Amino acid sequence: MDYARYLRLEKFPLIWCPGCGDGIVLKAILRAVDRIGLERDEICMVSGIGCSSRTPGYVDVNTLHTTHGRALTFATGVKMTRPDLTVIVVTGDGDATAIGGNHFIHAARRNIDLSVILYNNWIYGMTGGQVSPATPRGDRASTAPFGSSEPNFDIAALAAGAGASFVARETVAKPLLLDKLIERAIRKKGFSLVEVMTPCPTTYGRLNRKGDAVQMTAYLKEHSTSKAKAEALSGEERERAIVTGVLVDVDKPEYSEQYARLVQRLRGAPAGA
Amino acid sequence: MGETPASPVRVMSGNEACAHGALAAGLRFFAGYPITPSSEIAEELAVRLPKLGGVFMQMEDEIAAMGAVVGASLAGAKAMTATSGPGFSLKQENIGFACMAEVPCVIVDVQRGGPSTGLPTMPSQGDVMQARWGTHGDHPIIALVPFSVAETFDLTVRAFNLAEAYRTPVVLLLDEIIGHVNEKVRLSDSVEVVERKGPDMPPDRYLPYRHTEDGVPPMAAFGRDGYRFHVTGLAHDETGFPTNDPVEIDRLNRRLNGKLDRHRERIVDVARHACDDAELAVFAYGSVARAARQAIDEARAKGIPAGLLRPRTLWPFPDVEVRELARRVATILVPEMNLGQMAHEVEWAVGGACRVVPFSRVDGLPVRPGQILELVEREARTGAGVSA
């Protein structure tokens, strides 16, 4: 495909560090959008703060780089004003599940038609490697110098529990599977989440002696497993397993459509008219 | 204006009038969170907005409500939220975003006693400085402050018009009394409504943050007519993309902060009551201005040459108008339901040209006309230069 069609190439080079997986996610998003056949004017890409949230700046669509953790709130305002727009939210593990945790669960509960692509690198990259709610227990961060004492969120399970209609997880080690999941997420009418495991060799990798980007990507691949296989694992092995694939795919009422129905009912027009 | 002889008389609260004013101005998106004493605004709009095809949302928190309002406005809707002190505090970061990204929107703050949870059901004017300086960094803001239910309708319409005209958030400062008092009003069916200035360039040449002559860049809406643009809270150049260039950053900050000054004459709005021959004046706003007006009338009946200067825009501060008054009177009394927040501003504007006497009430009770009359009489007796 012609990636240049969707990119603001004049904004290159990318802000991301060498070895960062974020560019792989960006390309996967563009392949998904291209396959669906979305025009640039039909897309609004909204982000919060962090490395992942710099993605929209490179994409030639309607782009909104908001405040830390709040991307979903801005995206909700855009979607409810222009339900015809495809609204893609790009966020990170810290942005979405720490400072933005409340918005994350409530957007999922509402089942509003937002497609969330969450880059999970287990750490706060942009601010220099601080511990995040996704940092595995025992792993180091600049603010967890002796290893994190806290358990980490299972972000996909969090979204599923909150009511998301589509939840999937994949790693940047499998970019061609990734774009298919992102495509399904965008096509899904309702709140969808694709949690993408992506390496941060600069902070997480260094602090935890995980090697370079190639080794870290190999780690993601080796620890990937299906839902069924993961259930057979036990102890730390299970805790460290990265369960990939589609985890939730259900049809349920979507918020903006439900609201439009309410408006039609109140205004006396038959639903669907 | 809100009061026209043609429309029927109705009895409503300031909060209800605010909701009606917003709808008259073209409100299409409201997001809020329950908080006393502002909830009636949300409740009124929850009933009315969907019937008009607009969007009403109760969000998960105050922060979300403000974020949703900014998103809706960028997508082209006239948008508003309403809250009170604690919620106003929570909204500040996203208000700052709206200032920086120049997103028109209206924030209603029905002031209650503070600090912190304070006095949820009692009035105060403790947020007037927060309205100006609540967010970090230098930024422009407009704040309007009505003194009656009818004026709440008018100033809500005006808040939208100013927001759209100057691409800025506008704060509407009610207080618990104005929000909850029921008064007779005649609401007009048609009001003057201002729409934002759309792009004057084709999409390929459009600059969302162009340094225009009037300081207000034309504004496109997301997903409309091929205008794709980038919005960020980072320092940005005319294209809207982040920049670290000191020249561009300086240019942005100076245009942003000079924007409202350029249009000061059209924004600043004060009402004067018996000021022409006044030798002693009261500077009062919001519900305190109601008490002050009665006190002035009673003082006049007693032969004291007192007048009232009543700002309807608190920010930008009416410094020119206050200074002009200070040259003609011996004393300006500043009664407030806070510990002298605007009195300091009046003192600064006056620059020693006359005496400035603050009066504070922070016990959760309203300032009574009798208290202001007493102050006026005392000043008339003891203050230098008053002839009564």
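Among contacts in chain A between residues at least 6 apart in sequence, 66% join residues at least 24 apart, a contact being two residues whose C-beta atoms, placed from the backbone, lie within 7 Å. This is a predicted model, where local features need pLDDT of at least 70, side-chain atom pairs count only at pLDDT 80 or more, and totals for chains, interfaces and linings use all residues. Residues are numbered from 1 along each chain as its sequence is written, while chains are lettered from A and ligands numbered from 1 in the order in which they are written.

**Chain A overall**

- You get 11 helices and 9 strands in chain A; these are DSSP runs numbered from the N terminus, with helices being H or I of at least four residues and strands being E of at least two.
- Chain A has a radius of gyration of 18 Å, close to the 19 Å that the globule rule gives for 273 residues, so it is as compact as a globular protein of that length. The radius is taken over C-alpha atoms, and the rule is 2.2 Å times the number of residues to the power 0.38.
- Along the principal axes, the C-alpha atoms of chain A fill a box of roughly 65 × 45 × 30 Å.
- Of its 273 residues, 52% count as buried. Buried takes 20 or more other C-beta atoms within 10 Å of a residue's own, exposed takes 12 or fewer, and partly exposed sits in between, with C-beta atoms placed from the backbone.

**A loop residue**

- A:Glu39 sits in the loop between helix 1 (22–36) and strand 1 (43–47) of chain A.
- With 11 other C-beta atoms within 10 Å, A:Glu39 is exposed.
- Go 13 residues along the chain from A:Glu39 to A:Ser52 and their C-alpha atoms are separated by 23 Å.

**Where chain A meets chain B**

- Chain A puts 33 residues into the contact and chain B puts in 35.
- On the chain A side, strand 2 (62–65), helix 2 (71–81), helix 4 (101–110) and helix 11 (255–266) each give two or more residues. Helix 2 of chain A has the largest share, at 8 residues.
- By class, that side has 12 nonpolar, 13 polar and 8 charged residues. Ala, Val, Leu, Ile, Met, Phe, Trp, Tyr, Cys and Pro count as nonpolar, Asp, Glu, Lys and Arg as charged, and the others, Gly among them, as polar.
- Strand 2 of chain A pairs in the parallel sense with strand 10 (residues 230–232) of chain B over 3 bridges; pairing needs at least two DSSP bridges. A:Thr63 has B:His230 as its bridge partner.

**The largest nonpolar core**

- This core has 204 residues, and A:Val78, B:Val69 and B:Leu172 are among those that touch the most other members. A nonpolar core is a set of buried Ala, Val, Leu, Ile, Met, Phe, Trp, Tyr and Cys residues joined through C-beta atoms within 7 Å.
- Leaving aside neighbours within four places in sequence, A:Val78 is in contact with residues of both chains, including A:Cys44, A:Leu85, B:Leu74 and B:Phe222.

**The two domains of chain B**

- Chain B is assigned domain 1 (9–186) and domain 2 (270–382), with bounds from an automatic or database domain assignment.
- Their centres, taken over C-alpha atoms, are 26 Å apart.
- In the contact between them, 24 residues of domain 1 meet 19 residues of domain 2. The domain 1 side divides into 17 nonpolar, 5 polar and 2 charged residues.
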